[in-house]
Amino acid sequence: MAFAWKAAGLTNPKERYNRYLAVAARVVRRSLKEQPRLQAERRGEMDLRFAKWENGKQGENKSLADSNAAAMAEGAGQGQQ
């Protein structure tokens, strides 16, 4: 008996299996009723944080998503000038 991800034609095990899992998880989340679906979607989100270290001391924790958005906006503003 073949694994489902192999039967679906996803033959590169390392890259394709993770993709298969992501697609399967998304399908399961979308099939849930409203309240359980919202809870599952929140669990699927990630919030990465980072801190800059200077002189052996940790700086302020910042959200990676917010910092990336600010950098993209800054870059877009410089490109228009």
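**Close-up 1. Polar contact between the side chains of Arg37 and Glu34.** In this predicted model, the side chain of Arg37 makes a polar contact with that of Glu34 at 2.9 Å, where a polar contact is a pair of N or O atoms within 3.5 Å, one able to donate a hydrogen and the other to accept it within protein, and where residues adjacent in sequence count only if both atoms are side-chain atoms. Arg37 belongs to helix α3, residues 34-44 (helices are DSSP runs of H or I with at least four residues, strands are runs of E with at least two, and both are numbered from the N terminus). With a relative accessible area of 18%, Arg37 is buried (under 20% is buried, over 50% exposed, and in between partly exposed, with a 1.4 Å probe and protein chains only). Leaving aside neighbours within four places in sequence, Arg37 is in contact with Arg29, Arg30 and Leu32 (contact means heavy atoms within 4.5 Å).

Close-up 2. Ser63 lies in strand β4, which spans residues 62-63, and is buried at a relative accessible area of 11%. When residues up to four places away in sequence are not counted, Ser63 touches Asp47, Leu48, Arg49 and Phe50.

**Close-up 3. Leu64 in helix α4.** Leu64 is located in helix α4, residues 64-80, and is partly exposed, with a relative accessible area of 32%.

Residues are numbered from 1 along each chain as its sequence is written. Local features need pLDDT of at least 70 and side-chain atom pairs count only at pLDDT 80 or more, whereas totals for chains, interfaces and linings use all residues, and side-chain values use heavy atoms, with hydrogens and water left out.
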